[in-house]
Amino acid sequence: MTLNRLKFKHSLDSSRKRNLVIPITDNHWGITHLSDVQDKLSELLDIIKQGYGTIVIEMIGDMLHSDKINSTETVSGTILEDVDMPKAIDEAMQFTEAIVVTALENANTVMIKSVGGNHDFDISYMFMIWIKERFKQAQVDVNNRYRTAYLLGHVLISIQHGNVNKKNPAQILANECRHLWGIATTTEIHSGHLHFDKTEDQNGVVFRQFSTPKPSDDWETMNGFVGSNKLMYALEYNDDRLKVEHFI
Ligand SMILES: [Mn+2]
């Protein structure tokens, strides 16, 4: 007896092609060097090369460790262990360029969203201006606000660094983005800041706090904040929800 052969249609409807979101948070370039993350970067580029409808790169803040060049300070003036900021900016540019160029080659649309962090609010604004000028084919959202939201198909995603608007971000999102909220099938808030991974469903709004691939710095080592998973992430969505999360 032979089994009846099932017939498959092998063509992939372009409308079924997934979207990819790459959250980049708390890289703290200056503490992080390219040698620390090159394996993760290769793995991320391999994921991007699978090809997507839209790729969104979310710059969630604290890309750079210091808001100043010749001293190492947070936005509010807290003095930090000294890092080489010109080298940090150069490496952050190389890292960003690798991701954005590969995304442009492997997606129909590339969007880059951004908010500043408590270490880099001013300098990251200028960094985003560089991204916007450098990659003219990408849709780059440069802003000086503390949160921004966008629709990816029918998924509403808000990004905020995580140091402010902590109390009830879902309610604030519904209030500030009533129209998008009404269109969306699912809603998520993406943040970083605390350097550890946490996912929580808050009455239907999924709050995703991402960790960071950066090595522990002296302050974290002193306090014993050394146990987090140190990952990067890539999230695959269909039109209305998250389908796959890559832990890199
Ligand atoms: Mn932070």
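**View 1. Strand E6, covered on both faces.** Look at strand E6 (residues 155-160) in this predicted model: on one side sit Val155, Ile157 and Ile159, on the other Leu156, Ser158 and Gln160, and all are buried. Buried here means under 20% relative accessible area, exposed over 50%, and partly exposed in between (1.4 Å probe, protein chains only). Six of the six residues of E6 are buried, so the strand is largely enclosed by the rest of the structure. In a regular strand, side chains alternate between the two faces of the sheet. Strands (E, at least two residues) and helices (H or I, at least four) are DSSP runs, numbered from the N terminus.

A word on the model: it is predicted, local features need pLDDT of at least 70, side-chain atom pairs count only at pLDDT 80 or more, and totals for chains, interfaces and linings use all residues. Residues are numbered from 1 along each chain as its sequence is written, and side-chain values use heavy atoms, with hydrogens and water left out.

**View 2. The neighbours of E6 in the sheet.** Strand E5 (residues 147-152) runs antiparallel to E6, joined to it by six bridges; two strands pair if DSSP finds at least two bridges between them. Leu151 stands opposite Leu156 of E6. E5 and E6 make a hairpin with two residues between them, and Gly153 in the turn has a positive phi of about 65°. With strand E7 (residues 186-191), E6 pairs in the parallel sense over five bridges, and Val155 has Thr186 of E7 as its bridge partner.

**View 3. Helix H2 against helix H3.** H2 (85-105) packs with H3 (residues 121-134) at an angle of about 40°, with axes 12 Å apart. The axes are lines fitted to C-alpha atoms over the stretch in contact, and angles run from 0 to 180 degrees between N-to-C directions. That makes H2 oblique to H3: angles under 35 degrees count as roughly parallel, over 145 as roughly antiparallel, 65 to 115 as roughly perpendicular and the rest as oblique. Residues making the contact (heavy atoms within 4.5 Å) include Met85 and Ile89 of H2 and Phe127 and Trp130 of H3.

**View 4. Glu236, a buried residue in strand E10.** Glu236 lies in E10 (residues 233-237) and counts as buried because its relative accessibility is 6%. Leaving out residues up to four places away in sequence, Glu236 touches several residues, among them Arg18, Tyr52, Arg241 and His246.
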